[in-house]
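Please examine the sequence and the structure shown below before reading on.

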Amino acid sequence: MSVLNDTWRYLVQRRLWPVAVLLLAALVAVPMVMAQDPEPAATPPAVATKSSQSSLATEPIVALAGPGDRAERRRVLGSRKNPFKPAVLPKPVKTPAAATAAPQQAATDKPSSGGGGGSTPGASVPNLGVTPQPDTTTPKKRYEMFELTVRFGPSTADTELPRSDLKRLEALPSADQPVLVYLGVLDDKKTAVFLVDSGVVAQGDGACKPSRTSCETIHLKAGETEFFDVVGEIGEPAAQFQLDLVKIRRKATTSAKQAKRSYTRASRAGKKIVRARIAGDGPLRFRYDEKSGRLHKLTSKAYKAALSRAATVARAHL
């Protein structure tokens, strides 16, 4: 009893006696509460319909797995997922272009032997599988005003005559052996005038001026053909050439300023041939106008004056 008395005095001195009273009451009440029997819980009434009873009677609760179900992977509810297993992704479908580009990209993406992670100057750009195509377009040819497109060559050739473009005062077949020299076009822009060599006989669609027997120049239009017989020293035909005038360019593919500049341009070799011809046989019956780029026929009075000047110059050189 001394222990209980000492404990009680200690609690009183410390003013803890209310706590002791509550603990004592709890020790007495807990066994009494636990000794009482709990009331049974009320069970809910079972409601069963006719349809549910019939379905439970006919349908089995557990069904057997078929052969198709065994082949597939079955998952059980509540099974744990492996966090270290990678997710199954669909396989990408390779196209022919991607399959071709893959080896080329792998070959160009090789690391350089210089070391270091940064890009080095002059490093080649990786090929992404796109091969640059060379430019195969032919540049458009530019034509000058009143430039001719002709076919010229020996008339005995079995193949088609070669096609070429002819500018003013260019000679055919060459400047060393001139048979024809292109002088220009007339005011109608449809007639081309050629200077014929003195030892050549012309026959065909063209018009010989001043006459067929004295053919100083030959006049041709697009689509016409002329034959030229080169006579040898003793009068026999040495060669025969054929000229087909295909087209006369009446529109320049250059600018208007360049077209006007082309009026003053001419073959230097052709100028020498024309000057030699004028010095030997007299002046021509045509005058070239550099402003319009066309030939103008001299009047009879102007032609006589040109003949008089040529005779005066010839006498001065004697």
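Two strands are said to pair if DSSP finds at least two bridges between them. The model described here is predicted. It contains an open sheet of 5 strands in the order β3-β4-β5-β8-β7, and the pairing is antiparallel. Strands β3 and β7 form the edges, each pairing on one side only. On average, neighbouring strands of this sheet are turned by 35° against each other, direction ignored.

Within the sheet, strands β5 and β8 run antiparallel and are joined by 5 bridges. T191 stands opposite K221 in β8. Helix α7 lies across β3, β4, β5 and β8, and runs at about 100° to β4.

| β3 | residues 171–173 |

Two individual residues may now be considered. R294 lies in strand β12, which covers residues 294–297. Because its relative accessibility is 19%, R294 counts as buried, the cut-off being under 20%. Leaving aside neighbours within four places in sequence, R294 is in contact with F146, V185, L186, D187, K189, R287, Y288 and D289.

L27, by contrast, is placed in helix α2, residues 17–35. L27 has 63% relative accessibility and therefore counts as exposed. Together with L24, V28 and M32, L27 forms a nonpolar patch on the surface, with about 450 Å² of accessible area in total.

Key. Residues are numbered from 1 along each chain as its sequence is written. This is a predicted model: local features need pLDDT of at least 70, side-chain atom pairs count only at pLDDT 80 or more; totals for chains, interfaces and linings use all residues. Side-chain values use heavy atoms; hydrogens and water are left out. Patches are made of residues with over 30% relative accessible area and no salt bridge: like charges are joined within 9 Å, nonpolar side chains (Val, Leu, Ile, Met, Phe, Trp, Tyr) within 5 Å. Accessible areas come from the Shrake-Rupley method with a 1.4 Å probe; for residues, only the protein chains shown count as cover. A salt bridge is a side-chain nitrogen of Lys or Arg within 4 Å of a carboxyl oxygen of Asp or Glu. Helices (H or I, at least four residues) and strands (E, at least two) are DSSP runs, numbered from the N terminus. Buried means under 20% relative accessible area, exposed over 50%, partly exposed in between (1.4 Å probe, protein chains only). Axes are lines fitted to C-alpha atoms, for helices over the stretch in contact, and angles run from 0 to 180 degrees between N-to-C directions. Contact means heavy atoms within 4.5 Å.
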